[in-house]
Amino acid sequence: MKKAILVLKDGTVFEGFSFGAEGESIGEVVFNTSITGYQEILTDPSYKGQIVVMTYTQMGNYGVNEEDVESFGGPKVEGFIVKEYKNYPSNWRSKGSLGDYLKNYGIVSIHGIDTRALTKHLRDKGAQMGIISTLNHDPVSLHKKVLAHPDISEIDHVSDMMCKEPYWYHNGKDLPLCIVYDYGVKLNILRNLKRVGFSVYVVPGKTPAESLLEMNPSCIMLSNGPGDPQILNYAVKNIKKLIGKKPLFGICLGHQLLGLALGGKTYKLKFGHHGGNHPVKDLKTGRISITAQNHNYCVDISSLKGQVRLTHKNLYDGTEEGMEHVEYPIFSVQHHPEAGPGPNDALDVFERFREIVREYENV
C-alpha cells in the first residue's frame with residue numbers, strides 16, 4: 001500500500017494510505033455522516049472545492065455503477081477520506097471498485113486514518129483547508145502549500161460546475177415550463193421537477209435574467225451549488241430582476257442566493273451540515289422530516305426584515321431551513337428534498353412548489 005498524508009491548515013497531520021489517484025489535492029475538509037451513498041456524494045457538484053471525510057467506517061463495499069451519479073462528468077470532490085476502504089465490492093449493480101473509479105477520475109484519496117479523531121477535530125476547530133498528498137510526505141512543506149492556497153470563500157467554483165450551454169432535461173408537451181438556473185444542479189432535482197409535472201429547461205448560472213423572462217416560463221428554479229454565496233454577484237444580480245416576475249424556488253445555494261437577492265445576509269456555520277440524517281421541522285404543519293444536507297452557509301432570516309416567513313427549522317441546532325415570501329410566490333429550502341440517496345421525507349417540497357405555481361397561474 002502506498003503511503004498518503006493529510007495536513008490541515010492548523011498544522012494537524014494524519015498518515016494513511018492511498019486508494020485513489022496519485023498526486024496532491026487541496027480543499028476545504030468537511031465531514032459527512034451518511035452511512036451509504038458515497039457515489040452520490042462524490043458526484044454532488046456542491047462538494048466542488050471540498051475534501052470529504054466519511055464518518056461511517058467502511059466505504060467501497062458495494063462498488064460503483066452507472067446509475068447512482070448526481071452530475072455529468074464524474075466526481076466533483078477535491079479529495080476523499082475514509083477509515084476502511086473495501087476493495088472487493090459485492091453488489092449486483094456494481095460495475096467496478098470505488099478505488100478504480102476515483103483513480104480513473106483523478107481524485108486523490110486516503111484511507112487507514114482515524115476518521116473519528118479527524119471528525120471530532122473538525123467539529124471542535126471548524127471546517128478548514130487541507131491537503132492530501134501521495135507524492136510528498138513532508139508535513140512542513142505540505143502545510144506551507146495549504147497556507148498559500150486561497151480559502152474556499154475566495155473561489156467561484158460555481159462557474160466551473162454550471163452547464164456550458166442550455167439544454168432540455170424534459171421537454172414535455174403541454175406541461176408548464178420550469179427553467180432551472182444551474183449553479184451545480186443535482187440530477188435528482190431535475191428528475192423530481194419532471195416527476196411533479198414540469199417541462200425542465202436548464203440554463204447556465206450566468207444567463208441574463210432577461211433571457212429567461214423572454215421564454216415566459218411558468219416558474220424558475222434556483223439550484224444547489226458549491227462555495228460561498230456572497231461572492232456570486234452575477235447570480236444575485238440576475239435573481240433580483242426575477243423577484244415579483246415569476247414564481248421562484250430555491251434549494252441550498254439557490255436558497256442562500258435568494259436571501260441575498262432580497263437584501264438579506266448569510267453566515268457560515270462552524271463545520272456545516274453534511275449528511276442524510278438531519279431532522280427538519282415544517283413550521284406550518286408541525287411535521288418533522290429526516291433530510292439530506294450539504295452546506296456550510298445559512299440565510300439570516302432576521303436580516304430580511306419581515307419580507308419572508310420562516311417555514312422550516314433544523315432541530316439539531318435551530319438554524320433556518322426554509323422560507324417563503326409574504327407577498328410573492330417565492331419559496332426555498334436549505335436542505336436537499338431530492339435526497340438521492342437518502343430519506344424521502346422531504347419530497348413533498350416539490351409538490352408544494354408545483355401547487356404554488358398552479359395557484360399563481362390560476363390567479
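Me: Two strands pair if DSSP finds at least two bridges between them, so what is the bridge partner of methionine 221 in E14?
Reply: Methionine 221 has phenylalanine 249 as its bridge partner in E14. This is a predicted model, in which local features need pLDDT of at least 70, side-chain atom pairs count only at pLDDT 80 or more, and totals for chains, interfaces and linings use all residues. Residues are numbered from 1 along each chain as its sequence is written, and side-chain values use heavy atoms, leaving out hydrogens and water.

Me: Which way do E13 and E14 run, parallel or antiparallel?
Reply: Strand E13 (residues 219-222) pairs with E14 in the parallel sense over three bridges, and E14 is also parallel to strand E19 (residues 330-333), joined to it by four bridges, with glycine 250 opposite serine 332. Helices (H or I, at least four residues) and strands (E, at least two) are DSSP runs, numbered from the N terminus.

Me: Are the faces of E14 covered or open?
Reply: Both faces are covered, since Leu248 and Gly250 on one side and Phe249 and Ile251 on the other are all buried (under 20% relative accessible area; exposed is over 50%, partly exposed in between; 1.4 Å probe, protein chains only).

Me: Changing topic, which residue does arginine 191 meet in a salt bridge?
Reply: Its side chain meets that of glutamate 70 at 3.7 Å, N to O (a salt bridge is a side-chain nitrogen of Lys or Arg within 4 Å of a carboxyl oxygen of Asp or Glu). Arginine 191 lies in helix H6 (residues 187-195) and glutamate 70 in the loop between E5 and E6, so the pair ties together parts 121 residues apart in sequence.

Me: And is glutamate 70 buried or exposed?
Reply: Glutamate 70 is buried, at 2% relative accessible area, whereas arginine 191 is partly exposed at 30%.

Notes. Two strands pair if DSSP finds at least two bridges between them.
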